[in-house]
Each structure stands twice: as C-alpha cells, then as structure tokens.
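Open the model in your viewer and keep the selection panel at hand. The stops below go one selection at a time.

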Amino acid sequence: RMNRKKGDKGFESPRPYKFTTHQVVCINNINFQRKSVVGYVELTIFPTVANLNRIKLNSKQCRIYRVRVNDLEAAFIYNDPTLEVCHHESKQRNLNYFSNAYAAAVSAVDPDAGNGELCIKVPSELWKHVDELKVLKVHINFSLDQPKGGLHFVVPNMEGSMAERGAHVFSCGYQNSTRFWFPCVDSYSELCTWKLEYTVDAAMVAVSNGDLVETVYTHDMRKKTFHYMLTIPTAASNISLAIGPFEILVDPYMHEVTHFCLPQLLPLLKHTTSYLHEVFEFYEEILTCRYPYSCFKTVFIDEAYVEVAAYASMSIFSTNLLHSAMIIDETPLTRRCLAQALAQQFFGCFISRMSWSDEWVLKGISGYIYGLWMKKTFGVNEYRHWIKQELDQIVAYELKTGGVLLHPIFGGGKEKDNPASHLHFSIKHPHTLSWEYYTMFQCKAHLVMRLIENRISMEFMLQVFNKLLSLASTASSQKFQSHMWSQMLVSTSGFLKSISNVSGKDIQPLIKQWVDQSGVVKFYGSFAFNRKRNVLELEIKQDYTSPGTQKYVGPLKVTVQELDGSFNHTLQIEENSLKHDIPCHSKSRRNKKKKIPLMNGEEVDMDLSAMDADSPLLWIRIDPDMSVLRKVEFEQSDFMWQYQLRYERDVVAQEEAILALEKFPTPASRLALTDILEQEQCFYRVRMMACFCLAKIANSMVSTWTGPPAMKSLFTRMFCCKTCPNIVKTNNFMNFQSYFLQKTMPVAMALLRDVHNLCPKEVLMFILDLIKYNDNRKNKFSDNYYRAELIDALANSVTPAVSVNNEVRTLDNLNPDVRLILEEITRFLNMEKLLPSYRHTITVSCLKAIRVLQKNGHVPSDPSLFKSYAEYGHFIDVRIAALEAVVDYTK
Amino acid sequence: GSKHATTPADNYYLARRRTLQVVVSSLLTEAGFESAEKAAVETLTEMLQSYISEIGRSAKAYCEHTARTQPTLSDIVVTLVEMGFNVETLPAYAKRSQRMVITAPPVTNQPVTPKALTAGQNKPHPSHIPGHFPEFPDPHTYIKTPTYREPVSDYQVLREKAASQRRDVERALTRFMAKTGETQSLFKDDVSTFPLIAARPFTVPYLTALLPSELEMQQMEETDSSEQDDQPDTENLPLHMSTDDSGPEKENASVLQQNTSLSGSRNGEDNVIDNPYLRPVKKPKIRRKK
C-alpha cells in the first residue's frame, strides 16, 4: 500500500521487532550537586520474526547497571564506536580519513539501520516465547554522571538550596540525541506511547511531554513525583525534559497551555507569551486542523543549547528571549522564535519523518507555514525581504561551499556514490553534517516549498498539509496498531503523491531540479534596445560549471517597465539560446505628458528627463518573484536603477536597485537615495539600506560633494528640535519605523570620510552631541539599543592612527578625537556596571568599539580586557562579543 | 552622675565638693579639732552632701506634689521635719557666736552655655502655652522663605543643563566606583585617565541582563501613568535582585497567587482554571508498588 518510487523506500522498520503499547521512563533521583541522574526504562517489544535473540538499543554515556527481559537477567554488551573514531590511527591524519571513519562509526550505531550501542541478549529461557511472537518487556536500570551532552545542568555557584539558587536541568541536543539521557531506539521513525515519571525536589517542577496526570509526594514529603502520560505515538527523539524551580504561568487565553520560567522572571514571561495564542490561532486556521496535542508547555531556561527546541507538546526556549514591554528590538525576534517552535509542533513533532532523507519535507513545511505567519504578522514587505535574504544566504553558501542536497539517495554506500563528494563531511547522517550546512539545508527546504506553492497555489499547498495532518491524526488515535502509526511519518514520496492527488499537477521537474539535485543558478543578464524593431534584445547567460551551480532549463519571468506600463514576459530558458527578443509596447518618446502605469495599477508622474530619448524602457527585472533559486547579475544603466528605486513598489526591487547604485556615485543617485530616505511610505528596511548606500556614494563623490554631510540635515529635520537644531528631541520611540531609522542614520553617517579619508569632525561632533543630549526620561521604551548603536557609530568613525616610526601607543600621543570617543566608551561601560542595559547591549557595543580602537592602532592591542569579559558568568552576548574580539587577534 | 572627664558638669561637681570640704573642715575646727584624717573629712563631706541632696530631692517632691515647680519655704520645713530635724533649733544655730564665715569661692570662668548660632528673634510662647514648656527653636529651623527666581524657560539651556548635569553625575559616580574598586585599563602605563570598573562575573548573569533596572521601572511607571497603557503586569516586577528570600514555599505561594489573580482578571467567569500544574500535590499512597 505504501507508495514507492525508485530509490525512495517506503517505511519498513529496520528492526526485527516493534514497540507496541508504550515505553516507560522513570528518573527517580536527580542530584544537582553531582550532576547525576538515576533511573530505569522499560520497553515493551513485540518480535516480528522468530528466533529474535538480540535486541539493539541506543544509549550514550549512560552507565547500565542491570538489564532484565521479562524479569530474567539478560547479558548485554555496550559499545560506542563514536568515542574513538580513528583508533590511534597515526598514519592517516587527514580530514578525509576522519570523515569516513566517523561516518562509519555513526552508521554502526544508526537506529535507522537497526543498529545501536547497546546489544542485549535475549535469555535462552525466552527463546520459545519469542518464537511465538509474544511480547517482551525489557527493563534497564541506568545512571548518568556529569553528562557531556543531551542533558544540561545549570547550577549557579552560590549559597542556598538548589531551588533557591535557580538550579535547573534540561534535555538538549542536535537531531536525535535522546540516547544521551536514557536508553531507547533513538529514531524519528520508531513511534510509541510513553509514560514518564520524574521524582524531584519538592520545590522544583518537572516539565515533560504529554499530560501531567498527577503529582505525588514521596513518603518523606521532601520530594514529589511528576507522572506524565503521552498517548500520541511519539518518537524517542521527540522526548524532552526540563526540571527546575520554575515559576508557572497558565496562559490566560488558552488554559491548556502552560509557561515556565526561572525565578523572578514571571513578569517578563507574562509579557513575552501574551502573544502566543495568536500564533496558535493562525496555524490552526490555515491548516484547518486543531493543535494535535492536548496541552502545550513552553519552558524558558538558561544556557540554552539552541534558542528554540521543539519536542512533543513542549518547547524549550532560551531564557534570553524573555523581555519586557519596554524592549522594541527583541520583540519581533522572540515572536519569530515562538512561531517557529509552534510550526514544528505540527511538522516535526506530531508528524515525524520516515528517514533522514525525508527531513527536508518536515523542515520545508514548518519553515513554509512559519513564512506564511511572517507574511500575515509583519506584512508582505517584511516577508519578501526575508525570502530575499534567505535566498541570498543559500546562494552565497552553495557558491562558496558547494551544493546543498535536500533529498540524498544513497546507493551501496561506496565512496563513488557519495552525492556530496565536494564536502568535507558525509551527508548520510544528521550527526556527520556541519552545523552550517544543516542551517542552509533548512533554509533551502522552505524556499523549495515556496517554489512548489508558486507552482500549485497556496490553496492546494494547505490542502496537502491538512491531508497529512488528518491522516496522522486518525492514525494517532488507533491503539496498539503500530503499522497504522506509520501514517504519522512523512516521506518524500508520500508528500509528492499527496501533492499530485490534491493539485493534479506534475511537479516532478521542479523536484528533480531543486530536491534531487544540489546547486543554485547563476544568471548574467544584459540587454540592448533595437529601436528599428522596437524590440528589447535580452541576453541571459548562465554559469553552470562553477561549484555549487546547476543549469536551469525552463520558464523564466521577466518584467519590463515601459512608458506605457509594466509587462510580464515568460522566457523559455533552453540549452543553447542566450538571446531573447521581447517586443516593446511603447514608442520611444511619448508625445503627451501622461501618467505612467505601474505593475500594481498605480499611475504616477515621473520626471523622464533622465532617460534615454530613444528607448521606452524604464527598468527591467529578471525573475521578480524569486521563482528560481538563483543569483542574478543584471546590467542596466544608472538612471534605470534610479527609476526602479523610486517607482518600483516591490521592496526586493528597491533593495536590488540600492545595491546596484553603489556603483554609480552621481548626484542623480544621491537624489534618488535621499528621496527614498525621506519617504515615509517606503519600507523602513529599504530606507535603512539607503543610508549605507548614501554613505558609500558620498565617499566616492567626496571631492564634488556639496552641502552638509550626507543625512545630517535629514536627521536634524526628523529628530532634532525645531528651535535648536543641534539638540536631538527627547526620545519617543512610538513610531517604530522612525525609531529604526533614528538608530541607523548615525551608524551610516559615521562611515563618511573626507578627502583625507578621515571621518569629518562635524560628523563626530554630531554623534557626540546625540549621545550628550540623549534623554530617555519621557520614553515608553528602553533606549538601550539606540545607545548601543550610537557607540557603534563612534566605532565606525574611527580611522587608522597615523603612526610615526612605530611608536608605542600611550596616552600622551592619543589623538584628541579618539580621546573624546574613549571618554564616552569609558563612561558607558562603567555605567553598565551600575545600571545594566537589557541584554547588556551597551557593553557589547563598547567591547566592539574598543577592539576597533585597538585594531586601528589608537589603543595598545591587549586582549586581557576581552579575556575577562569572555569568562563564564558574564551574559552570553557579552561573552560572545569578547570572544569574537579575542579571535580577532588571530586575524 | 558624671564619669571622668572635665566637662562643665564635672567642674561644678568638683567646686561643690571643695566648698563642702571647707564647710566640714570649719565645722570640725569649730568643734575643737586641730587636724583630721583625709578619709574622715571625705566621709563627713559625703554625709553632708547626701543630707543636702536629700533635702533638695524631698523638697522638690513636696513642691511637685502640690502642682508647683518652685519650692517654697514650707516645702523645706516639711522636708526637714520629715527627716527628723528640729526646725526650731535652726535660727539659734545660725546665729551662734563662734560660727565661721566662709568666703564665697571665687567665680572662675562662669560656665556659659555655648551660644548656638541664633538667627532672628525666638518666637514667644502663645498665651495658651505655659511658660515651663521649652522655648521655640531658632526661627531658621522652621521658617521657609519662598524664592521667586525667574524659572529657566529657555529650552536649549534646560536641555544643556540636564545633559551636563547627568554627564557630571555619571562621570563622578563611575570614577568613584572605579577608585574604590578593582579596575582595568586600556593603557598599561595609565590607570586613572580612563579607569574601567573591572568586569566581574555574575552568579546568575541572566537576571541583570533581562530584568529592567530600578530606574527603568520607575520611568515605565511614570510614562504609564501619563499615557494610560494597558500594562498591569509590570507592577509585579521585583525591584531587587536578591535571591535569598525566595524559599520554595514562598515561591509556590506567589505562583498560586499570581495565577488566581490572573484568571480572575482575564476571564469574566470566575471559575478556577483546571490546569494540572495548579492542582495540589497528592499525599503518597500507603504503599505504591515500586
């Protein structure tokens, strides 16, 4: 009944047994002092073949005390080949050898190949029992000491009980790493129901998957046991745990949702999670499907492994996502994290994957519906900006490192079959991948889902998701029929079949191009206008020989803005045709003054004096909808980019135009950028980008630049007092778009350079005045990010010190401007000790600025300051900034 | 009861003692003694002093008993009678012929109460306040003089002032902190020009990084009250980041409190939320199978 295609296996368990009812995990002792855990698991196993005499399970770093099968002692062997990948191999010390050896070691314990670190011999007394295919109960007692991964203990070094100290522990890890904290079949495709029990200190809370059935005190009343029941079949890899003295918040909008945070952070938790119900509503509405679990828990913990980790019916977040209502910048970031986590609840937790090569479907769907949420929440501009950003990222990565393959098919396992031989690691297992590759893999997966949407429409797309969810939902309610449960696992073939059933469309070429093979497309475009024929002669070349590229054959949309309107053309890109003739609709010079119609139906007046009198072309765009995973390098004249920037309404087009204008430092470019900067209807990110472009252009035009430094008068007009233009208004960040612009403009202005290649004194004084007169007393929002960016601006103004025969840097020969900058940095950094800013953003900026001063030879290059800030006990952002500075010494 | 120092009170005491000693000595001379041991004189002096003190104490008591503050002759008489002294003999004894007259001790540096800085005239008591109540303090301690200086209204000057004031305070404060604690420096040869307060790791770094500072809290309340915002949660923010007073019981209590108040305010229905984490913890059963 399973759909099969060549090379794509349907679901067949690699094991000669299956789980039936459920698995029990009981952790009855957790010692925070020693960072140890003691417990047992009980797996109910159903043999599927006679003469089953060995059971292989996954377990890492656990100490196994005792294994019993149906109450009979069983012998077992424990071997983890990943602990010593190269076996003292001294001859072959190269990455290639290691990579192969490591992939082999991971394979040897891969649950998806029926392997495991722990091999249990079924006692001979039970062989007859097994031959009758009767149930086996495997009971394993284990403990865990100072785990290096999988479970993370956070134990602050101070007085008081563990609860008073805010000590906590949580499960974490990359992909399937549940074997790090209890023996299991650590696969996303082996589903079973769960009973989870945790005995913890009475002052603590244990949060885990499924429903909390009851909490019972131990006899001495000092501890309590949390009993969880997870009746939806779930893979061991989606099991998680968090224990700590958490503050509890029941979501006021959804009582089945509970939020947990560390002591004292409850007010922040309330604010941060107050938005979550809207995300729930959004997903449930577009998927026309209820949230699959009966409850949901969010836990915010310190020293998080990743910012967001999704598990069955719960998500573990970094505590650093919490924020108060005064914080602007963190709010959208945190909301994105919440929305990501929730998308993965549907696709990733509830629906799991059949095999590693089907991972792209889950990441693709969850990323895609998260994108839809972005579009609805932050608007189309933000969405398109994000898609462009993701596209640029994957293109840059593939061109640099080589292709990212979404759906690898592995042959006999021989080296020559390796579909990713350009990489220094194997892509056969999630655990052998590089972290960056996996990030890019997820990025590509959701972009490809968007391409499928372009092909079959969003409506059909959502129908497919709904179908997957309803099948899974039906399957999950079936008891004890584990073959039904495979409906809860998504496979590439099942997904494609579903698409073809729902939409009736053949998307095979698309899948072949982007899923079954790696690489992106690199287009080079240029054009000429043939006046006689009134035809646009477009030439589109491809580079498909460089690493990470592939050849594109198929339709390509080109949009041409002419005087008489905007026209879409679909070109067929084929093997040997580079030139494409596109007939124009308009005559070159218009007689009467008429408004020019744009793509969106708007009609605008334009000053056409800049354009070529012989050509009706205003601007041309290749693949405006980003329907191909590509990079386009397109040549058109500067005035065309300027028209595109001013009048094209798509933010992606505007951003492309800004990027292109960097190469045209002319007064016309300057004017176009300044106009965009002043236009309040324009998307704020475009305006921010225009700031930096304007700074670059101003520097290129330095000898001919007239008037005050770029952006200064605009900033003064927007943000300074009418009566005294040298003083900035007291802060009011109610309008977020202005806020972002106010933050960015000084940073960009500080990049201005005069003819001596120095930051103009006027600009430096201007920034120092902004700092001096900064007044946040009447503001509803915190100005910590603003002040941090003012420090970034100071750092941007720094230019290399003029050094006379390598003199030693001392205070006496300190540049007077640098003295002023240092004065500010000193004060800011010291004030942070007294009134620390949110996430210590100001400390971070100060550290970066100090490194800039060192690097430019104004201050002695000494890493000791950064080393002290890099120590454990500083806030993570500060440590990262300090470590980056320390690493910078090696550059 | 004074101890051992030369305060004005001590000086008094010594002078009185000396006078009494002279008295005792002259009485002894009158009684025919030519010399006396110091200890004997001391003892007699002590006795005399006690006797006189008792007269004073007792007379004061009689006087106050009759609701007066100034003793009269009759108070003294009653006292003496009460002490078993035959008052009738007193006039004759005073006029005895062989009595010795002692010259008054020389007045040495008359102890003046050090004059506190007085400003203006002390206000006399109003008629309804009896004279024995203490006098009004100096007027400068309670009198205020409103000033009518023209307020600075020039915006630029105000902003300038606020900015430089804040900068000065911050600079002084951070310099003080840097002087009194450990510092780091960007220049090996100089630690005072740009003193950086040394980086000190926190035991719980996320608390200071995430919680709004006291100042911000204050600000938020101010702007909130002026702008009428729907942010009631923030009032619960703990201002101090102490971790010592959050025992487990207290923790749970506050959690429950938060939740009940929350459910009450959010949902018009005052039903108790059924959430498994809010349910009470069960007592252990008699014997649970392991």
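Which domains does the domain assignment give for chain B? Select 8-94 for domain 1 and 157-223 for domain 2 of chain B; such bounds come from an automatic or database domain assignment. Between the centres of these two domains of chain B, taken over C-alpha atoms, lie 70 Å.

A word on conventions. Residues are numbered from 1 along each chain as its sequence is written, and chains are lettered from A, ligands numbered from 1, in the order in which they are written. This is a predicted model, in which local features need pLDDT of at least 70, side-chain atom pairs count only at pLDDT 80 or more, and totals for chains, interfaces and linings use all residues; side-chain values use heavy atoms, with hydrogens and water left out.

Now colour chain B by pLDDT, the predictor's confidence in each residue, from 0 to 100. The mean for chain B is 76, and 71% of its residues reach 70 or more. Select helix α6 (residues 205-210) of chain B: confidence in chain B is highest here, at 94. Then take helix α8 (residues 248-266) of chain B, where confidence is lowest, at a mean of 39. Helices are DSSP runs of H or I, at least four residues, and strands are runs of E, at least two, numbered from the N terminus.

Move to chain A. Its mean pLDDT is 91, and 95% of the residues score at least 70. Residues 1-10 of chain A fall below 50, with 17 contacts beyond near neighbours in sequence. Select domain 1 (13-79 + 117-244) and domain 2 (356-515) of chain A. Their centres, over C-alpha atoms, are 31 Å apart.

Next, show both chains. The contact takes 106 residues from chain A and 83 residues from chain B. About 8300 Å² is buried between them, 61% of it from carbon and sulfur atoms; buried area is the accessible area (1.4 Å probe) that two parts lose on being put together, summed over both. Pick A:Q264, A:L811 and A:R827: in chain A they lose the most area to chain B, together 8% of what that side buries.

Last, find the salt bridges (side-chain nitrogen of Lys or Arg within 4 Å of a carboxyl oxygen of Asp or Glu). Chains A and B share seven. Zoom in on A:E214 and B:K282, a salt bridge with the closest N and O atoms 2.7 Å apart.

Note on methods. Contact means heavy atoms within 4.5 Å.
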